[in-house]
Structures are given as C-alpha cells and as structure tokens.
Amino acid sequence: MNQDQQSDNALFKDHLKRLKSDRRNTIYWQLFIFVVFIILWETTSRLGWIDPLIFSSPYKVSTLLFSNLIDGSLWFHLRITLFETVAGFLVGTVSGIVLAFLLWYSRKFSDVLDPYLVVLNALPKVALGPIIIVALGPGYTSIIMMGAIISFIITALVVYGAFREVDPNYLKVLESFGATKWQCFREAVFPASFPAMISTFKVNVGLSWVGVIVGEFLVASKGLGYLIVYGFQVFNFTLVLYSLLVIAFFAAVMYQAVEKLEKKIIKKN
Amino acid sequence: MSFLQIKQISHYYFSRTNYTKALDNVSLSVDEGSFVSFLGPSGCGKTTLLSIVAGIIRPTHGSITLQQQDLLENDNEIGYMLQQDYLFPWRTILENTLIGPKIKQTQSSSTVERAKNMLIEMGLENVLNSYPSSLSGGMRQRAALVRTLLTDPSLLLLDEPFSALDFQTKLKLEDLVSTLLKKYNKTSILVTHDIGEAIAMSDKIYLMKANPGEIHQQFEVPIEVRNLTPFEARKHVKYQNLFDRIWEELNSLESRSAIR
Ligand SMILES: Nc1ncnc2c1ncn2[C@@H]1O[C@H](COP(=O)(O)OP(=O)(O)OP(=O)(O)O)[C@@H](O)[C@H]1O
Ligand SMILES: [Mg+2]
C-alpha cells in the first residue's frame, strides 16, 4: 500500500519533470527563431539582398532605440500614445457598457435603435476620422475619440447580448423579493455577465491601438503614430520600424495585463 | 374568508406566430396554515400558476387576494422557491441567503444572526462562507430554502423543490421542510410530479390537467396521514389508498387526452 503510493508519487514527479522540460524546450525554440530572424535580417540587409533603405536593419533600429531612450524622446512619444490608448479604451469600453445597460433596461429603446446599431457596427469606424477631427479639433480629444469609437458599438452589442443571456430565473428569484429593475441589474445581470465583459476588454485593447494610431496618422504632431507617418514622409524606415516595434511591445504588455486581470477576477468568482 | 383566494384566473402566453392558453378559469382558496399541492402532467400550467401567485407575471384574466387584500398591494408576503435552487454563484452561501433582506433594504445585524442560525439549523454551519459550486444538490436546496424563509413570508410557494435530488436526500428534506413549516405555521403551496410526495406532505391536493390548464379534481388527505411526518406517512394504509385513487385518475386523464 505504502509502496504503491510511493511509486504513484514517483510517477507524478516524473510527469512534472517532463512538463517542465517540455516547457523549457518550447522556450528554446522560441528564442532560436528570434535569434535566427535577427541574424538573417541583419546579414541580408548588409549584403544588400533586401533593400536596407526600406527594411533597415536590427543594428540601426536598436541604435535608434538606444539613443531615443537616452535623450528621452522615446518616453515623450510613448507617453502620449499610451495615454491616448488607455483613455480611448476606457471611454469606449465604459460607454459601450452604459449603452448596453440602456438597451437592456428598455426593450423599446433597443428595438428602435436596432437598425442604427447594425449600420454603425458595419461601418468601418476609422472612416469617421476626418469628421471627428473637424468636429473636435486636431488634438488629444479627437484621437482619444478615435480610440474609443472603434470599440464603442461592438462592446455595446456584445455586452448587451451577454446581459440578455442571463438566466431569467435569477431575475425571478429577485423579483419574488420585490426587486426593481435596477436591483435586478446590480445583483444578477451585471455580475453574471462579468466574464463576457472581460473578454470584450481583451478585444478592445487591440481596437483602441488601431483607432489611436490612425488618429495620429491623421492629425498628430506627437506620438508613435506620428513617428510612423513622419518616417514614411522623409523616407526614414528605420524610424518606422522602430515605432512599430515599440507599439507591438506595449500593445502586447497591455493585452497581458488585461489577461492577468481576467484570471484574477475569474478565480475570485 | 380564506387566507389566499384565487379567482377565475386565466393566462395566455402570446408569441409572434402563436399563443398558448396555459391556464383556464382556475379558482381555489387556501386556508391559513394549510399545505396544498398541485399535481399534474408536464405543461399543465403549474409553474405559471405559482408565478402568478408570486406576483411575477400578471394573469390575463382574474384576480388574487391574500388576506382580503389585492395581491399587487402586498406581494412582500410571499416566498417563492423555484424549480432549481438558483443560488448566485458569485455570492457565498451566507450572502445568498441574505439577498432577500438586501433587496427589501431591511438588512441589519439581527437578520445576519438569524440567517446564520437558520443555516446552522439546516446543518450548513460548515459552508457559511463557501460558494454554491462546492455544495451538493441537497445542501444547495436547503440554502435556497433558508433564503426563502429568511424574509419571513406568510405564504410559501414551492415549485418542485425536490425533483432534482436523489431519493434519500429527497425523503430527508421532505421531513425537514414539513416539520419546519409546521413549527412556523406557514401556509404553503407545493408543485410536484410525485404523487407520493404530494400525499405525504399536504392537507389537500389539486389534480390539474393540461391544454388548457385546469383544475380537474381535488383530494383531501385523510387526517391520520396529515399528522405524520412525510416519511412515516408513506407507510400508512390510507396513504396507499389515496395513492391508488390519484394514480387511476391520472391514467384516465391521460387516456382521455390521448383520444382527443
Ligand atoms: N414564457 C413562456 N412563453 C410561452 N409559453 C410558455 C411560457 N412558459 C410556459 N409556457 C407554456 O405554458 C404551458 C404551461 O407551462 P408551465 O411551465 O406552467 O407548465 P408546468 O406545469 O410547470 O410544467 P412542468 O411540470 O414541466 O414544469 C406550457 O404549454 C408551456 O409551453
Ligand atoms: Mg414547472
């Protein structure tokens, strides 16, 4: 019996060990691909197999990154874009959830609004860019609006769908105690839809980046999107690639942060 | 005057393409402190009738009075236990049972004490701060019962509260509920598919038929059976007699609806 258990434990330990070595192996492969990619990029660029004017090279990009890090201009542009993205994300998500609440609260309202929502949802939101910029003036506000509007409608529709899918029997329980519609929302509908809301957060983080970068393309004189457009105009593709890398890195960081938040909240429930 | 009076209730469900007549002209009255059961095939409108009495849906026709008052004016008196427990998964057991006072905004430290005591009385002292997902079906059902009783309703509506439980748990819970309701002198309406459960727990049984939902017949439970606990009642000879009568009646209902 005791021996049995011992061999079972040993088996389990073996299993853990295998898992760990599997993971390490995966990481090695990931690093390997990265290194090979960088080396290929650098050598082909130096040998002129790819046009160094367009594709730059890791060396040039990292030199630029380094000097910008030191003179503070990286932080200067990054700060602006990050702020706009986070603000756009928050405005879009929160107002989307508020609209979802209104749609849920009044059946009539949602019926009336339905065709408009369908059209607005189908419309590519970045096409509204020029109108937003003219209406709100070139500046932070319109760029934040770009980041927000791109996720606003889709958030409202997805979250409204989640609100409607809450088991009506939960509402019956509350109504049997004489709950008002607002109480039903607070006690059942909102908490039950939490997972759906968090998964819209993940989508919206990506969408806000799109909106903000496009907004900066259109008007900005600061920010990472501006750097891309500027680099494009003066044909400095090292600058373009450098901005792209910074965006990719921070977009991934934000996505990870939301995912962490999701895990934390789901675990709590 | 009776405690609860249901007067000529009819109810239709309308949809875009169709309508269902779920209840047709149902009238009955329930005395204070008594235990009444509705028995009938699936779809005969039992849940609909309970939801109407609970004030959650408004009947198409008819009215209901509770203690001579129109139902809509005092719906606070009613406790409704649904077909499943429907405990909120994001609240602990204690928080779940306190939802009634929270909605009615009557929560105080004494209600919390009372909730704790009732949960302990139900044998749930070890799971006060657990989440519903970690409880067995029987425990969850008991917690739901505490939630319903905590607001101290004068009328209790039970919609097949034991149907999802295994037989042993069900018998134990029947006894528990029965003694508890007698102790607090509650008026109760039970909906069930189970003839035995209806006889063992009630004073009076209404047999319903479907399409449209109507009261087909009513049975008085013999006084000897009434005074026993549900478990003991099942062994009584008069229990058997009544069981056979209801069984036959249900069968004849079924064959009649098959011919139609
Ligand atoms: N929300 C609804 N919309 C449309 N029709 C409904 C609705 N709820 C119930 N019905 C219909 O009304 C009739 C009675 O339903 P009800 O749920 O009251 O039956 P029941 O006796 O409780 O059945 P069961 O024993 O299966 O729980 C059925 O024909 C059902 O299809
Ligand atoms: Mg039912």
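Student: By class, which residues make up the shell around ligand 1?

Tutor: This is a predicted model, in which local features need pLDDT of at least 70 and side-chain atom pairs count only at pLDDT 80 or more, while totals for chains, interfaces and linings use all residues. Residues are numbered from 1 along each chain as its sequence is written, chains are lettered from A and ligands numbered from 1 in the order in which they are written, and side-chain values use heavy atoms, with hydrogens and water left out. Ala, Val, Leu, Ile, Met, Phe, Trp, Tyr, Cys and Pro count as nonpolar, Asp, Glu, Lys and Arg as charged, and the others, Gly among them, as polar. By these classes, the shell has 3 nonpolar, 8 polar and 2 charged residues.

Student: How many residues surround ligand 1, and which are the closest?

Tutor: A residue is near a molecule if one of its heavy atoms lies within 4 Å of it. Ligand 1 is surrounded by 13 residues, the closest being Ser42(B), Gly43(B), Lys46(B), Thr47(B) and Thr48(B).

Student: How far is a polar side-chain atom of Thr47(B) from an oxygen atom of ligand 1?

Tutor: A polar contact is a pair of N or O atoms within 3.5 Å. For Ser42(B), a side-chain N or O atom is 2.4 Å from an oxygen atom of the ligand, and for Gln83(B) the distance from a polar side-chain atom to a ligand oxygen is 3.1 Å. For Thr47(B), the value is 2.6 Å.

Student: Which element gives the largest share of the shell around ligand 1?

Tutor: Helices (H or I, at least four residues) and strands (E, at least two) are DSSP runs, numbered from the N terminus. The largest share, 3 residues, comes from H1(B).

Definitions and conventions: A polar contact is a pair of N or O atoms within 3.5 Å; within protein, one must be able to donate a hydrogen and the other to accept it, and residues adjacent in sequence count only if both atoms are side-chain atoms.
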